[in-house]
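Here is a short report on one protein. Keep the sequence and the 3D view at hand while you read.

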Amino acid sequence: MEAQLEAALDAWNDLSPTPLRECPVCGKVGLPERIQQHKCTIQFLEEENSGIQ
Ligand SMILES: [Zn+2]
């Protein structure tokens, strides 16, 4: 029954209303909240470089 398949797809869409976001710096993909709070590996590298100099 196609009607049941459509209902299942609608239910799946309801479970994932928030689109995943990709960090423009390191490319990490996850929830927008996670991406805003995560620490980029590139930032760590910059800190290490500044510490060496
Ligand atoms: Zn990042």
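## Two strand residues

The protein has 3 helices and 2 strands. Both kinds of element are DSSP runs, numbered from the N terminus: helices are H or I with at least four residues, strands are E with at least two. Along the sequence the pattern reads α-β-β-α-α.

This is a predicted model: local features need pLDDT of at least 70, side-chain atom pairs count only at pLDDT 80 or more, and totals for chains, interfaces and linings use all residues. Residue numbers start from 1 along each chain as its sequence is written.

How much of the protein is buried? Of its 53 residues, 0% count as buried. A residue is buried if 20 or more other C-beta atoms lie within 10 Å of its own, exposed if 12 or fewer, and partly exposed in between; C-beta atoms are placed from the backbone.

Glu 22 sits in strand β1 (residues 21–22). Glu 22 is exposed because it has 11 other C-beta atoms within 10 Å. Gly 30 belongs to strand β2 (residues 29–30). Gly 30 is partly exposed, as 14 other C-beta atoms lie within 10 Å.

Next come contacts, where the C-beta atoms of two residues, placed from the backbone, lie within 7 Å. Residues up to four places away in sequence are left out. Glu 22 touches Gly 27 and Val 29. Gly 30 is in contact with Leu 20 and Ile 35.

The table gives two C-alpha separations.

| Pair | Apart along the chain | C-alpha separation |
|---|---|---|
| Glu 22 and Ile 35 | 13 residues | 7.2 Å |
| Gly 30 and Pro 19 | 11 residues | 8.6 Å |
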